[in-house]
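Subject: Structure for your review

Dear colleague,

I am passing on the structure below, together with notes on what was found in it. Please read the notes with the structure open beside them.

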Amino acid sequence: MTSLAAQLQAVASAVPREEKLKGKASLLYELREAADIDLATIYAVGVQGFTELCRLDGRFEAYQKPLFSRGASETNRELQDRAFNDKLNGVLEGFLRLVSGHFATAAAAKCLEYLIRRFKIHVYNVEAAVTCALPYHATAEFVKLVQLANLEGTSFYWLEGVKEKGAAPPRDGLVARCARDGAFLSFVCEAAAASASAKGSPGAASAFYAVLLAEALAAMPRVTAPAVPRLLPYLEAGLAPAASAEQYAGALMVATQLASRAPLAPPLTEALLEGVAKGARAPLHAQALQASLALCQTQAVKTLPGRAFKHLVKLPDLPGHFADLCRGYRADALAVPLVVALANSAATHANYERVLTGVVDGAPLSDAAVASLTKALVQTAQSSTAGSADVAQRALRSLETRFPAATSVAVDAILSESAAKASSSAEAERAARAAAEFLRHALAGSAAGPMPGHAASLGAALDHPSAGLREAALRELRKGGKTNGALSSKALSGALLRRVVDDHPRVAAAAAALPGLRAAVDDDAALFDAAAERLASASAACSGKHPDAESERAVAKRCVALACGALAAPVEEGESGETGEDGESDDSESDSEEEDGGGGDARVGALAGRGAALAFGHLTFSPSTRAVARAAIDAARRNRHPALSGLRGKRFKRAMERANAPGAKKTAPETEKKPKTKRSKAADGGPIVDKETRALMDAAANRAVIEALAEGLATDPGAWGDEEAMTLWARDAWRTGTPRARSTLLLALLRAAEGSGTASDSGDDDLTLTPRGVAAARRALWTLVKEEWFGEHGGGAFLDADAPFETPGGGELNAERTFELDSLRATKASTFRAVAKHDARVVAALARSATRAVCSFETDSGTDSETFDRAAAAREAFDVVAVSRARGGAACAAGPSLDAAVESILRALGKDAAAFLAAKAACDPAPSSDGETNVELPRVALELLATTKGVFENDKDGNDARGASTLAALVAACCSSDPATRAAAARCVAALAPLASKK
């Protein structure tokens, strides 16, 4: 081969060659069809498309002369020199970059068709052409363009598979290529930067490159150092103020993805923060803040760069956008440096103070942000800038109002830190004093303010381990009264609740008696629960030889006044929750109340019912509970619940005066042996009385209390709201009550169920009980007894316990089948002391007395809702009493009481008693409420038929009613599957045989 031939061959190999096609290359037509279309026609089509593009975007007009003029259409680039082609390539690349945003339109396809035919861009401008179409890689037009292009030696050589198969490449394939091919990544970064630098609407290209780069960064196993510089031109162009909103949004996405995948140099991080803040524009202000937060989080930014901060503060409505950011994300990484920068600059310009105030008032700052801001404000106050102390004080007051608890903790930390450093040097000591003085002046009267003489805030002092400091904090709060700013802000609600249940009695007493406590806590239910909890522990400590009995007694008095009185009143009446210095109500015993303790009052608070139920457990007088009982009575008089209405009447007042008179005659029969007694002062500080007289006075007071409660329970049901309201309240009171409260409730219900009559300790005061109220009390009494019979303290409990108050013959009539608890008048002082000591045996004995009582009441006349059916109650009572009697056995200590109850049941049934027992004997044992089968019922019924005498009424011929009415029952019982029932039936047959023979 000659030298000239070799040179010509080298030149030919360097020039790109067009693919061998069966026709002409075309984007719009089939290849064979395009071969029949001349250049002039293609030019006309291209000009038509170009004209449409110019109408869409005026920037296309610059390409009319070099590409779409008549002269350009007649130019053959293959005949031109290198300089001409280089210039032409630059023009073509610019046009293709601009047309990329319109690639999917028909006008763009017409223009590309002309450029392919005339300038062979699929041969000489492959990279520019494919780059133009790359954002539309999933379209058929892109695939066709790739099939026309000569990809050999270009950056898109890897698209040969698309060329051969004709399938569009998926985006995840492009992402994978970009993640592992550095050359392609560089190409994409350059294309993205060029797209971001272009003016006007970027179209789909900007979004495509942003998503492609972000996903490629996420797909990289590790973002290497060379990859970061490749992205910088794109980020710089996209974050520039001149970039469009679409380009800026794409750059934000890539910047945050880059920061999350690689540690960046501090200068680069500062540059990105500045770019994000400087380039922020509507409607992407919120997204700019999110990107700033991501950069601060991933790069551990501690201090906001000055230039980034200045641009950020200029954002319109920064406080509002920042508040939304804090509500949606954990924003401490940005919030802490931002608020610190605002605090440091607030004194230098009014705009900084305005933004800081808006952030404090609107954003939900975290405790860490509040702590950092508080510390920065203290430092600002100590700076030399004019007016810095005033600016810091205003900001700190706003911060304490918005975040009182967090500010209190922050102030306490500052004071503790300053106190620790004060000993290191004289300068540190001066700084500590200055900080404390500023905080004391700025937060005067607030919960976060420092305690005088202590290195702790008022809020922190309330939770301090030292009981003395906690008490001092409460005294400080008490000085300001109800108008104390620390209380009105409700910042101390949690701490005050904890102090009400404080285990130190002086602290708890001071908290319960704090003026404005109710308003400060602003949660009556929580405050009631706290007071009730502390009252229970204080009451337990009052009884017995407890070293802090007196202090705990003061706590109990204040807590009972708070829970049963102050919290029972409606909030609108101005009740603040304070109980006075001695824990007693300031409500006087006015004679304006109903003379006989009438019905309820319309002014009943939401917690009046719970307060009344709690009061029932603290109204019993005994040596250890007298003071608490008096406080409970005072509190109950303030409670407008109908159950306590009798305590507000004049009759109760006179009864208590008689009970507290040592020389008055006591009508209750006391058969107890009088031991040697000590002498003690009367309750009112009057004459000295001996211990026995004091016990009699307590018993008289207890009877007066029970009868006053009975008046409330037996008031007209209208005062309760409806017929069943009192029963529902009694159930709730039993469920939450202590044994003392349950005993008091049963005693009061028993007395109310007896009906009108003379009071136990007076011959001239009659109880005023309405018939409907008495019937309601009877229904409530029996409902409670039967539902709770087998419960913890019900009538079926403590059957084997020795109960001195349940000895036969101890009743008012001293009869064999009467018991002490059958009558309030017969109840002894020792029994009341047992009630005060929470003796659960009293509750069980009272339940058994209540069973006998309901069987002795006369059936009322009236409608079903107003009456009490004694016979129906007796039938229900038999089921529970009979089972208890059978399970107790012959040696049961409560046997006489249960036997007396059985006799009362049979007498209540009258002539139907024998038939009732026969029916019980014949029926199969039914499952009880606890799921067990009461097999004892048939046996007990058979035993009663066989042994009981004197309670069955004779038939009309004078014969014992048991003979004829039980025959069928005995036959059925003899066939029972239970051996014990069959044996009982046999004994009954033997016992009744003489009666049958007589008949």
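How many residues does the largest nonpolar core have, and which of them have the most contacts inside it? The core has 154 residues, and those with the most contacts within it are Phe95, Leu115, Phe322 and Leu365. A nonpolar core is here a set of buried Ala, Val, Leu, Ile, Met, Phe, Trp, Tyr and Cys residues joined through side-chain atoms within 4.5 Å, where buried stands for under 20% relative accessible area, exposed for over 50%, and partly exposed for what lies in between (1.4 Å probe, protein chains only). Helix α13 (residues 182-197) gives the most to this core, with 9 residues; helices (H or I, at least four residues) and strands (E, at least two) are DSSP runs, numbered from the N terminus. If neighbours within four places in sequence are left aside, Phe95 is in contact (heavy atoms within 4.5 Å) with Phe50, Leu53, Phe60, Tyr63, Leu67, Phe68, Cys111 and Leu115. Another core, of 147 residues, lies apart from the largest one, and among its residues are Leu462, Met726, Ala845 and Ala874.

Please bear in mind that this is a predicted model, in which local features need pLDDT of at least 70 and side-chain atom pairs count only at pLDDT 80 or more, while totals for chains, interfaces and linings use all residues. Residues are numbered from 1 along each chain as its sequence is written, and side-chain values use heavy atoms, with hydrogens and water left out.

For the protein as a whole, there are 50 helices and 2 strands, and 53% of the 999 residues count as buried. The accessible surface comes to about 43,700 Å², of which 52% belongs to carbon and sulfur atoms, the areas being those of the Shrake-Rupley method with a 1.4 Å probe, and for residues only the protein chains shown count as cover. Among contacts between residues at least 6 apart in sequence, 71% join residues at least 24 apart.

Helix α35 (residues 608-616) is mostly covered, with 8 of its 9 residues buried; these are Ala608, Gly609, Gly611, Ala612, Ala613, Leu614, Ala615 and Phe616. Their cover includes α33 (524-542), α34 (549-564), α38 (691-713), α39 (725-736) and α40 (739-754).

Two single residues may also be worth a look. Gln247, in helix α16 (residues 245-261), counts as buried because its relative accessibility is 2%, and its C-alpha atom is separated by 7.4 Å from that of Ala207, 40 residues apart along the chain. Val126, in helix α9 (residues 126-133), counts as buried because its relative accessibility is 4%. Val126 and Ala149 are 23 residues apart in sequence, with 6.1 Å between their C-alpha atoms. Not counting residues up to four places away in sequence, Val126 touches Ile121, Ala149, Asn150, Leu151 and Thr154.

With kind regards
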